[in-house]
Amino acid sequence: ADEIQPEHFAPRTISFVAVRHEEFPSLVELKDSSSLDKLTATILVSNLHKGMGGWFPKLRYFLAITRDIVEAERFGEIWQNFAARKKDFSRKVIHSLEGHWGREPLSAHNIYEDGIQQRLAERLRQMAKNTLPISAEVTTGPTLSSHLSTIADSYPLALALPDGHFVTCSAWSWSTYAFKGGRASPPPLSLQVERDWASREFLVEYFKAIGGTEEEVEEKIIELIEQGREWENLAPILLGTEKEATRIVPAKTIATAPQPPFARDLVRYKGNPILEPVKEHPWESRYVLNAGAVRLEGSVYLIYRAFGEDQISRLGLAISQDGFEFNQRIAEPIFEPVGKHDAEGCEDPRLTLIGNRLYMTYVVFDGTLAQIALASIEIRDFTAYRWGKWQRHGLVFPGCLDKDGALFPELFEGKYAMLHRVDPHIWITFSSHLHCPWSRKEHKILAGSTSGMMWDGHKIGAGSQPIKTKYGWLLITHGVDHNRVYRLGIMLLDLADPAKLVYRSPNSVLEPADELELGKEGKSWKSNVVFTCGAVTMEDGKELLEAGDQVIIYYGAADSSICAATAQVGHLVPKDYR
């Protein structure tokens, strides 16, 4: 950053390095090229992990590598531009590599990214022209050339059908969505290429109409990149603003499909927060959050995530008689990292009673990859604080970027079931055993993220462990929107077959509202977060809940403290679904 000069750069041909993902854990997914790749004009490629790739693995691989090539060329052009002017060269290069994501559709970052995608489509057209049939005898049927032309021509196209369904023609969106585990058509929120393409065309054409050129748009984008302002909205910079235009009234109301009834909001406990960091304990001195919960022998036990001075997550324990006042708290961690997979911590425990053992799903993080792990302990050892009796069963889905594991307490046709989250959806997987690893043969997407600017449009995940009610398995889930705000929602699954979604609340039942949840600069880990890992019944010994029964939901507020909220089952499950 301090010493790099234009003379340290030189034009070079793009090269490729092929490696095995087994040797580089960070390559378990086909990701965007890194800063080092861009600086060295080297495209790093690896084999896909077994079971990954979706329906169109070759198409995804082809497009991802082609995009990396185009992006490397584009960065080369930008750095030549910086080098020609010399001043502050190193700072400009650093700004271009750090990236400054813009949430506005017309941000310089989004318009720049789409310029790369437009160039990619143009390269596909060039490839189509340069690609000849393998032999002169190939004269009928689709050819490679025609396939490439079709991909290029339909690259940015999407449309809304009369019934409200959104469909894309983009090979990029279909292959990327399938690569991430999608099994239906890509939802609107995943159509970033199509969105940015339309945004760029709109901005460029509007700018041309007032006398500008597309070259001037590019110049402004490069200027913002070199200043570290790539996140800024280009529209007011290029077009100016009109303060008098305060609102736009739609010409007509667009009809929408009927939606399920709302679930009622959770009621916050007036004594929140119920747990805060302990400054005298270095292992939990900074933040406490995301607690799994279980009722045992008349008491409520919370196993919570703690974050301390060494920035490693460990699990602590607090105990309450009424579920709100946690007067008993263990001074040392009850569960800590022990190996390479959890080198950076153990996170987000969820607790399930099966027989005489307490099972805990949790997330292990090695600094690169987050995965689900499973551990268990006999109840008598747990209540006697014999932490050496924890049995670590290992990784549930080794090598898979996965979080939010929640185990059901019962068998379904002789099989165990677990919820988990492979972005951006909730999945359910069945297994004939509890030892690890689990097979990924019997799994499916249980519920997908919604779309647009909905409260759960970016991603969703399991929250508390499944709660058995007379009406189905009650889930307190979480959803994330396009602004990365975390909220809680409700789902109800069939009692006999939890792979069947019976009800899903169209609304959130808890969203960040007070200072604890919104976060305070310098005191909170993250802002705008409510996130749950556990809930218990208000009454002890109740195994099958009815409408009048209450539950206590424990949630992390701004990833910094632990709070509680309550609700009646009948308020969470609308009458039509009971």
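A salt bridge is a side-chain nitrogen of Lys or Arg within 4 Å of a carboxyl oxygen of Asp or Glu. The legends below refer to a predicted model, in which the count by this rule comes to 36 salt bridges.

**Figure 1. Salt bridge between Glu 284 and Arg 329.** The two side chains meet with an N to O distance of 3.1 Å. Glu 284 belongs to the loop between β5 (267–268) and β6 (287–296), and Arg 329 to strand β9 (residues 328–329), so the pair ties together parts that are 45 residues apart in sequence. Glu 284 has 0% relative accessibility and counts as buried. Arg 329, with a relative accessible area of 25%, is partly exposed.

**Figure 2. Salt bridge between Arg 350 and Asp 404.** Here the N to O distance is 3.3 Å. The pair links distant parts of the chain, with Arg 350 in strand β10 (residues 345–354) and Asp 404 in strand β14 (residues 403–407), 54 residues apart. Both partners fall under the 20% cut-off for buried residues: Arg 350 is at 1% relative accessibility, and Asp 404 has a relative accessible area of 2%.

**Figure 3. A salt-bridge network.** Among the members, Glu 218 is one of the buried residues of α8.

**Figure 4. Helix α8 and its surroundings.** The helix has 13 residues and reaches 19 Å from its first C-alpha to its last, close to the 18 Å expected at 1.5 Å a residue. Its buried residues are Val 217, Glu 218, Ile 221, Ile 222, Leu 224, Ile 225 and Glu 226. These residues pack against α2, α3, α4, α7 and α9. After the helix comes Gly 228, with a positive phi near 75 degrees.

Figure 5. Lys 220 counts as partly exposed at 21% relative accessibility, and Glu 223 counts as partly exposed at 31%.

**Figure 6. The largest nonpolar core.** This core has 37 residues, and those with the most contacts inside it are Phe 82, Tyr 155 and Leu 234. At least two core residues are supplied by each of α2 (57–85), α3 (89–98), α4 (108–130), α5 (144–153), α6 (171–179), α7 (192–209), α8 (214–226) and α9 (234–239). The largest share, eight residues, comes from α4. Leaving aside residues up to four places away in sequence, Phe 82 touches Phe 89, Lys 92, Val 93, Ser 96, Ile 222, Ile 225 and Glu 226. Another core, of 26 residues, lies apart from this one and includes Leu 488, Val 530, Leu 545 and Val 573.

**Figure 7. Strands β16 and β17.** Strand β16 (residues 425–431) and β17 run antiparallel and are joined by four bridges. Ile 426 has Ala 447, in β17, as its bridge partner. Of the five residues of β17 (residues 443–447), four are buried, so this strand is largely enclosed by the rest of the structure.

Terms used. Residues are numbered from 1 along each chain as its sequence is written. This is a predicted model: local features need pLDDT of at least 70, side-chain atom pairs count only at pLDDT 80 or more; totals for chains, interfaces and linings use all residues. Side-chain values use heavy atoms; hydrogens and water are left out. A nonpolar core is a set of buried Ala, Val, Leu, Ile, Met, Phe, Trp, Tyr and Cys residues joined through side-chain atoms within 4.5 Å. Buried means under 20% relative accessible area, exposed over 50%, partly exposed in between (1.4 Å probe, protein chains only). Contact means heavy atoms within 4.5 Å. Two strands pair if DSSP finds at least two bridges between them. The expected span of a helix is 1.5 Å times one less than its number of residues.
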